[in-house]
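Have a look at the fold, then read on.

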Amino acid sequence: MLWLINSLYRLYIQISFTAPLLANLLLLLVIVLLGAIIGAFIYYVNLFGQPKRSSRRRLPKVPEAKTEAAEETLKAVRQQVAQIQDEVSKQALLERSREIEANLSRGELLVVVFGTGSAGKTSLVNALIGRMVGRVDAPMGTTEVGETYVLKLKGLNREILVTDTPGILEAGVAGTQREQLARQLATEADLLLFVVDNDLRQSEYQPLRTLAEIGKRSLLILNKTDLYTETDKETILARLRERVRGFISTSDVVAISANPQPAKLETGETFQPEPDVMPLIRRMAIVLRAEGEDLVADNILLQSQRLGEEARRLLDTQRRRQADKIVERYQWIGAGVIAVTPLPVVDLLATAAVNAQMVVEIGKIYGCELNMDRGRELALSLGKTLASLGIVQGAIELLSRVLQLSVAAYPIGKAVQGVTAAYLTRIAGKSFIEYFRHDQDWGDGGITEVVQRQFQLNRKDEFVKAFVQEAIARVVKPLTEASPKNAPQQEFDEQGH
């Protein structure tokens, strides 16, 4: 453009005397080109020369990988919740998922103060906030619900929400309910302040260890140090650090005096010392500045995972209840089929024809669409396992003995076959529930271990007696009432003949 302007200017000089009008047009063109050059220069200086400035302060960004993992977990939770039939549980889970989703973009760090009712939690909150926020020297049980206050630390972009919780280890039903609330609030904390006033008791150590195991970042606070000599304070601190070694670092065990006891001066006047919480404030500042964003991300991910576990637990309970009803229905169908079979010898594996449909229906509850061929294949495989492990023979002997004691007045030849078929169908059904619960996987021990475990669970005396009583009502009595009077009784030996 500079070359073009120079050329046009030379042309203007040459024709200015012979063609004034054309010379003026050339001059106008030169001015326009100069304006374009200046405009382009200003535009590109603004575009590249200066960084853009936001009109408002931006909060630090939560690590994206953990945020994305939390979002994926919440998405999976909603898919599971959609299958839950209990409306109350469903709505509670959906509401919680919305709260967690809102926390993904929240601008605060949640610090929860946790401990026994007499450890001085409220005094600690008072000292941190710098004003009275509750009753100092309050008796155990004063803090009924989680009370939250705002705290700011220099050099930290996020606001800090400090929540005072009800005390743990309080007596009575009300105390237990308050402790449950306190534990729930503790699991939602980004940072946990666990307050004690002496060495850790076992009843304090256990919840602290449990919270650390689920991933809660914790500071252990020794309060009321004004009540101890310097030597005693150091002794208690050493013990605390030793007890929590492995899940709380030495630097995270802090000594404070949130509400020092008044002292009498020689003049007779009472002197009230200032709270000494600066060691805690310094440690909180170090932790939150260095780890704050990761703590927020870890907590959000933890909350979404715990919600997913709760959804899976509710869905699993619902599915097991539905599957148990299917097993119960088919066990008595199998008993009826075998009991009325007019053959003198009945192979108990023939119940696989009934079990195949049971397998298909159980699979459907767990979202597995099986055809009858696959259902029959699975049922026959399990039936062979029952026989190879000696469970068929063991069931015959067990139920024959119990039936003879319970229904001595009744003919039990066919009844033993029918009741045994029901019992084996039950073991098979319970085994298939475990198979589908674990995504069509028998586990490391294979089908043999699952079947043996179910047999052991279903051979306990209390269960067998209750099962036989129900079998008498459903199988033996109807069979006896349907038999012609004085009909010869069928014999049934230990081999199932």
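## Ground rules

Helices (H or I, at least four residues) and strands (E, at least two) are DSSP runs, numbered from the N terminus. This is a predicted model: local features need pLDDT of at least 70, side-chain atom pairs count only at pLDDT 80 or more, and totals for chains, interfaces and linings use all residues. Residues are numbered from 1 along each chain as its sequence is written, and side-chain values use heavy atoms, with hydrogens and water left out.

## The sheet

Start with the open sheet: 6 strands, in the order S2-S3-S1-S4-S5-S6, with mixed pairing. Two strands count as paired if DSSP finds at least two bridges between them. At the edges sit strand S2 (147-151) and strand S6 (253-255), each of which pairs on one side only. On average, neighbouring strands here are turned by 25 degrees against each other, direction ignored. Axes are lines fitted to C-alpha atoms, for helices over the stretch in contact, and angles run from 0 to 180 degrees between N-to-C directions.

## Strand S1 and its neighbours

S1 (residues 108-115) runs parallel to S4 (residues 191-196), and 5 bridges join the two. Val-112 has Leu-192 as its bridge partner in S4, and Gly-115 has Val-195. S1 also pairs with strand S3 (residues 159-164), again in the parallel sense, over 6 bridges; there, Glu-108 stands opposite Glu-159.

How many of the 8 residues of S1 are buried? It's 7, so the strand is mostly covered, where buried means under 20% relative accessible area, exposed over 50% and partly exposed in between (1.4 Å probe, protein chains only). Helix H7 (residues 202-213) lies across S1, S4 and strand S5 (218-222), running at about 170 degrees to S4; contact here means heavy atoms within 4.5 Å.

## Two threonines

Thr-163 is found in strand S3. Thr-163 is buried, at 4% relative accessible area, and its side chain makes a polar contact with the side chain of Thr-148 at 2.8 Å. A polar contact is a pair of N or O atoms within 3.5 Å; within protein, one must be able to donate a hydrogen and the other to accept it, and residues adjacent in sequence count only if both atoms are side-chain atoms.

Thr-165 is in the loop between S3 and helix H6 (172-187). Thr-165 is buried too, with a relative accessible area of 0%, and its side chain reaches the backbone oxygen of Val-113 at 2.6 Å. Thr-165 and Glu-179 are 14 residues apart in sequence and 8.6 Å apart in space, C-alpha to C-alpha.
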